[in-house]
Every structure is written in C-alpha cells, then in structure tokens.
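I opened this model to look up its helices, its packing and its charged pairs. My notes follow in the order I made them.

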Amino acid sequence: MTDLKHNHEVSDCHESGRQGRAPAELKENLIRRLNRIEGQVRGIKGMIERDVYCDDILNQMAAVQSALHSVSKLLLESHIKTCVMERLKEGDQEVTGEFMKTISKLIK
C-alpha cells in the first residue's frame, strides 16, 4: 500500500450529510482503479455474451473482486487516518460503532 498524503483543507467528515473529502491524489487513484474495474466488468459481460469458457469468465470475476478489495483497502486506510481519527479526537465515540459495522460488511 502506498503512503497517502492526508492534506484536508477543511474537515467535513462528520458534518450534516456526512460528506468526506478524500485527498486529491487518493481520489485520482481510486477513480483510475474504478475505471479499470468498470472496463473489466464490461469485458466479462462480453465474454458471457460470446459464450466464453466458464472457467475463463470466473477467473476474470476473481480478478475484479480482488481489484475491488484493493480499492476498498485504500479508501479504508484513508478513512481511518482522517475521518475516524478526527471524530475520535473530538470525543465522538459513535464513530467506533459505525466503523465496526462498515468493517463487518467488508469482511463478509
């Protein structure tokens, strides 16, 4: 995992609407990865339409799942280092329950 720069101008991770603000470098990285994943998913759809051998399709699906997992880990790391830490420093203990629910969903 790359070391992420966390240069938030203004923290708004917990304001109304719970909007986060990912550092520009991370945001660009996530979008680039998601665009690649989107292309892979379209490719899988095309493979199904062309009746490609099931094992080949399943291998591509595993690659997409792995790529999504990698994106999730990057975003999770940033979330911990920014929003979660900021809310804890402000005494907001509610963030721990919220964070644990998110982790539970990710490890299913």
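Predicted model: local features only at pLDDT ≥ 70, side-chain atom pairs only at ≥ 80, totals over all residues.

**Helix H1**

H1 has 26 residues. From first C-alpha to last I read 37 Å, close to the 38 Å expected at 1.5 Å a residue. I then listed what is buried in H1: Leu26, Asn29, Leu30, Ile37, Ile44, Gly46 and Met47. I looked for their packing partner and found H2.

Next I checked how H1 ends. Asp51 follows H1. Its phi is positive, near 55°, and Asp51 is a residue other than glycine. Asp51 sits in the loop between H1 and H2. Is Asp51 buried or exposed? I noted a relative accessible area of 69% for Asp51, so it counts as exposed.

**Confidence**

I looked up pLDDT before going further. The protein chain has a mean of 86, and 81% of its residues reach 70 or more. Residues 1-11 fall below 50. I still count 23 contacts for that stretch in the model, beyond near neighbours in sequence. By element, helix H1 (residues 24-49) has the highest confidence, at 97. Helix H3 (residues 94-106) has the lowest, at a mean of 94.

**Helix H2**

H2 covers residues 54-89, 36 residues in all. Its C-alpha span, first to last, is 50 Å, close to the expected 52 Å. I looked for a bend in H2 and found one of about 40° at His79.

The buried residues of H2 are Ile57, Val64, Val71, Leu74, Leu76, Glu77, Ser78, Thr82, Cys83, Val84 and Arg87. What covers them? I found that H1 and H3 are included in the cover. After H2 comes Gly91, with a positive phi near 85°.

I also picked out Ser72, which is found in H2. Ser72 is partly exposed, at 28% relative accessible area.

**Cores**

I asked which residues make up the largest nonpolar core. I listed nine: Leu26, Leu30, Ile37, Ile44, Met47, Ile57, Val64, Val71 and Leu74. H1 and H2 are the elements that give two or more residues to this core. H1 supplies the largest share, five residues. I then looked up another core, which lies apart from the largest one. This other core has five residues, among them Val84, Val95, Phe99 and Ile103.

I went back to Val64 for its contacts. Leaving out residues up to four places away in sequence, Val64 touches Ile37, Gln40, Val41 and Ile44.

**Salt bridges**

How many salt bridges does the whole structure hold? My search found four. Side chains of opposite charge can pair when their charged atoms come close.

I took Arg42 and Glu38 to begin with. Their side chains meet in a salt bridge at 3.5 Å, N to O. Both residues lie in helix H1, four residues apart, about one turn of the helix. Residues three or four places apart in an α-helix point the same way, because there are 3.6 residues a turn. Arg42 counts as exposed at 53% relative accessibility, while Glu38 is partly exposed at 44%.

I moved to Glu77 and Lys81. The closest N and O atoms of this salt bridge are 2.8 Å apart. Glu77 and Lys81 are separated by about one helical turn because they lie four residues apart in helix H2. Glu77 has a relative accessible area of 14%, so it is buried. Lys81, at 41%, counts as partly exposed.

Then I looked up Arg87. It forms a salt bridge with Asp92, with the closest N and O atoms 2.9 Å apart. Is Arg87 buried or exposed? Its relative accessible area is 5%, so Arg87 is buried. Asp92 is partly exposed at 23%.

Technical notes:
Residues numbered from 1 in each chain as written. Heavy atoms only, no water. pLDDT = per-residue confidence, 0-100. Contact = heavy atoms within 4.5 Å. Expected span 1.5 Å × (residues − 1). Bend = angle between axes of the 7 residues up to and from the residue. Buried < 20%, exposed > 50% of the residue type's maximum accessible area, 1.4 Å probe, protein only. Core = buried A, V, L, I, M, F, W, Y, C linked by side-chain atoms within 4.5 Å.
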